[in-house]
Amino acid sequence: MMACSQTCSRILGLSLSTTALFAAGANMALLFPNWDVTYLLRGLIGRHAMLGSGLWGGGLMVLTAATLISLMGWRYGCFSKSGPCRSMLTALLSSGLALLGALICFITSGVALKDGPFCMFDVSSFNQTQAWKYGYPFKDMHNRNYLYDHSLWNSVCLEPSKAVVWHVSFFSTLLCISLLQILLVVIHFFNSFLGFFCSLCEKS
């Protein structure tokens, strides 16, 4: 059973590392709409993307936890002769770190999808004044939900082109990745408890 628990830790560590890299990549893409660096240089990136929760939350924090989990699974370095209590403590710390990072990414992505993309839009459609400005045009659109009304995707945001598609695609990706990370952390938590009790039974 201990060997099975260690194998599970190796798989979970590798899986979490992969999701962390994908989360970081998705957040990086949000900083460069249509792969254009000028929006970032001009400071025309939305606050949700600039927060970078996919980089440091679902990315770095989860990757750090995944490294610890992998080291435990392979019994490498200081974990080669660690006892059950030390392993359990490390498992709790790594689970907590990964869970916190994944939750931050999940919540930020959900709020970002709710608020909509940061883009240039025609203010006249809201207050009869002929002007264009950057902001969140869908945030105050209470009577229509842009996520379900695809006719708004190309008619509201004037710049960047396909801003809604870019925003929805990558924040939905981050949302799914962080949800998967939370699931993997829960599995790791139960796997650690199983390994802990098995090691105690073997010693008794």
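Me: In which helix is the place of T108?
Reply: This is a predicted model, in which local features need pLDDT of at least 70, side-chain atom pairs count only at pLDDT 80 or more, and totals for chains, interfaces and linings use all residues. Residues are numbered from 1 along each chain as its sequence is written, and side-chain values use heavy atoms, with hydrogens and water left out. Helices are DSSP runs of H or I with at least four residues, numbered from the N terminus. By that rule, the run of residues 84–115 holds T108, and this run is helix α5.

Me: Is T108 buried or exposed?
Reply: Buried means under 20% relative accessible area, exposed means over 50%, and partly exposed lies in between, with a 1.4 Å probe and protein chains only. Because its relative accessible area is 10%, T108 is buried.

Me: Which residues does T108 touch, not counting residues up to four places away in sequence?
Reply: Contact means heavy atoms within 4.5 Å. With residues up to four places away in sequence left out, T108 touches H48, L51 and S53.

Me: How far apart do the end C-alpha atoms of residues 164–190 lie?
Reply: UniProt, in an unreviewed entry, lists residues 164–190 among those under "transmembrane region"; its positions are given in the numbering used here, feature names are shortened, and annotations may be inferred rather than shown by experiment. In the model this span is 100% helix and 0% strand, and its end C-alpha atoms lie apart by 39 Å.

Note on methods
Helices (H or I, at least four residues) and strands (E, at least two) are DSSP runs, numbered from the N terminus.
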